[in-house]
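Here are some notes for a colleague who is opening this structure for the first time. Please keep the sequence and the 3D view at hand while reading.

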Amino acid sequence: MTPTLLGRWQTRLLLLATVGIFVSIPFALGLFGSPAGIVYFWIIIYVAIFGIVWDIVYDQIQKRRWDRDWPALYQLLAGIWEFIFILCGIKVFGFLPVLIPKEELSPFWIFAHYSVVWLAIFIASQSLMRIIFPRWRFRGGQWL
């Protein structure tokens with residue numbers, strides 16, 4: 001079944017709050033990335049907030065497709081678009097407040113963090129969600 005808007009929101013928030021946080025811990029501790037700190041958790045929060053708005057757009061695009069499907073390629077393109085939006089929000093326009101000066105936060109580490117989180121969430125949505133919530137797919141992505 002194709003995800004509903006509510007299903008998209010629930011899945012996005014659940015995966016960001018679990019897998020996204022778990023994957024961000026090594027970056028926050030300084031094992032990967034520079035500088036260490038909670039800035040990586042703020043990036044996750046921004047992705048969640050803006051993702052809720054983007055999901056409305058994605059839902060409208062999905063409804064206009066003849067099969068009402070949202071293939072994995074679209075997920076990849078949406079991930080790239082969201083990354084560009086978050087990167088510009090932090091580095092170029094500065095409208096996303098971060099706790100460190102934007103000059104100190106490397107675009108490479110923002111990209112590395114976002115890519116690892118995106119890949120982990122994509123894999124979890126394609127595998128773990130189907131195992132943990134077997135009826136998740138048949139409820140339009142809603143798990144509550």
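1. A residue is called buried when its relative accessible area is under 20%, exposed when it is over 50%, and partly exposed in between, with a 1.4 Å probe and protein chains only. This is a predicted model, in which local features need pLDDT of at least 70, side-chain atom pairs count only at pLDDT 80 or more, and totals for chains, interfaces and linings use all residues. Residues are numbered from 1 along each chain as its sequence is written, and side-chain values use heavy atoms, leaving out hydrogens and water.

2. Asp 55, found in helix 2, is buried, with a relative accessible area of 2%. Its side chain is joined to that of Arg 12 by a polar contact of 3.0 Å.

3. Helices here are DSSP runs of H or I with at least four residues, numbered from the N terminus. The buried residues of helix 3 are Ala 78, Gly 79, Glu 82, Phe 83, Ile 86, Leu 87, Gly 89 and Ile 90. They cover an arc of only 165 degrees around the axis, which puts them on the same side of helix 3; the arc is taken from the directions from the helix axis to the C-beta atoms. The face turned away from this buried side carries the exposed residues Leu 73 and Val 92.

4. Just after helix 3, Gly 94 takes a positive phi of about 70 degrees.

5. Ser 125 lies in helix 4 and, at 8% relative accessibility, counts as buried.

Terms used
Helix = DSSP H or I, 4+ residues; strand = E, 2+ residues; numbered from the N terminus. Polar contact = N/O pair within 3.5 Å; in protein donor to acceptor, adjacent residues only side chain to side chain.
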